[in-house]
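Here is a short report on one protein chain.

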Amino acid sequence: METLVVDHPLVAHKLTTLRDVRTDSPTFRRLADELVTLLAYEATRDVRVTDVTVETPLTTAHGVRLARPAPLVVPILRAGLGMLDGMTRILPTAEVGFLGMIRDESTLKAQTYATRLPEDLSGRQCYVLDPMLATGGTLAAAVRFLFDRGAQDVTAICLLAAPEGIAHMDEAFRDSGKPIRVVTAALDERLNEQGYIVPGLGDAGDRLYGVV
């Protein structure tokens with residue numbers, strides 16, 4: 001598994017404001033959207049393309065277009081929805097599927113409660129959106145779900161990651177033989193006893209949409 005921590009001053013600037021407990025939900029949503037677009041630029045570096053020739057006003061030019069089948073963007077509900085617009089802004093021709101997963105706070109294991117995805121993902125490049133890679137259980141379950149349906153490779157985009165989550169993902173897919181990448185704005189120090197990232201930014205879903 002490949003892990004990319006995007007080292008860029010704009011990424012660090014926006015992430016700092018996201019961490020700040022004083023940042024309100026409207027500002028948090030806007031900054032998360034902007035941050036995801038910056039992360040998506042790096043995450044799509046290996047997106048598949050095909051060679052094409054186009055007519056310019058003067059002559060012909062060689063270029064590329066995104067290959068078919070189209071990439072599939074999969075936000076993990078509910079917090080992943082706050083990353084969707086930022087991702088599709090840079091990848092507007094992608095298709096979007098939805099995966100509802102929730103972490104059992106006693107066992108820290110992920111449970112699936114909703115899916116809206118193609119049954120056959122053969123040959124598809126998938127981009128999973130999940131703000132926090134904490135224990136890794138939810139993301140690992142999501143990636144396994146996509147591979148079980150035939151996805152070719154999976155890139156996860158996370159605002160933050162913990163070392164424990166990266167280690168869990170690496171262990172879970174070490175022998176999978178399929179390409180997996182995690183792209184994140186920062187790799188934080190650790191998890192606390194409740195499985196939250198430290199220093200982190202709190203519960204991303206609550207800060208995006210309020211406590212429900």
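## Helix H2 and its cover

The buried residues of helix H2 are covered by several elements, including helices H1 (9-19), H3 (84-90) and H6 (204-209). Strands S8 (125-129), S10 (153-158) and S12 (180-184) also belong to that cover. The model is predicted.

Which residues of H2 are buried? They are Phe 28, Leu 31, Ala 32, Asp 33, Leu 35, Val 36, Thr 37, Leu 39, Ala 40 and Ala 43. Residues three or four places apart in an α-helix point the same way, because a turn takes 3.6 residues.

The length of H2 also checks out. The helix holds 19 residues, 25-43, so at 1.5 Å a residue it should span 27 Å. Its end C-alpha atoms lie 26 Å apart, which agrees.

## Overall fold

The protein chain has six helices and 14 strands. Its C-alpha atoms fill a box of roughly 60 × 35 × 30 Å along the principal axes. For 212 residues, a compact globule would have a radius of gyration near 17 Å; the chain has 17 Å, so the two agree.

Of the 212 residues, 46% are buried. Take the contacts between residues at least 6 apart in sequence: 72% of these join residues at least 24 apart.

## Surface

The protein chain exposes about 10800 Å², and carbon and sulfur atoms supply 53% of that area. Val 49, Val 64 and Leu 66 make a nonpolar surface patch of about 220 Å².

Leu 66 lies in strand S3, residues 60-66. Its relative accessibility is 30%, so Leu 66 counts as partly exposed.

Methods: Residues are numbered from 1 along each chain as its sequence is written. This is a predicted model: local features need pLDDT of at least 70, side-chain atom pairs count only at pLDDT 80 or more; totals for chains, interfaces and linings use all residues. Side-chain values use heavy atoms; hydrogens and water are left out. Patches are made of residues with over 30% relative accessible area and no salt bridge: like charges are joined within 9 Å, nonpolar side chains (Val, Leu, Ile, Met, Phe, Trp, Tyr) within 5 Å. Accessible areas come from the Shrake-Rupley method with a 1.4 Å probe; for residues, only the protein chains shown count as cover. A salt bridge is a side-chain nitrogen of Lys or Arg within 4 Å of a carboxyl oxygen of Asp or Glu. Helices (H or I, at least four residues) and strands (E, at least two) are DSSP runs, numbered from the N terminus. Buried means under 20% relative accessible area, exposed over 50%, partly exposed in between (1.4 Å probe, protein chains only). The expected span of a helix is 1.5 Å times one less than its number of residues. Contact means heavy atoms within 4.5 Å. The radius of gyration is taken over C-alpha atoms; the globule rule is 2.2 Å times the number of residues to the power 0.38.
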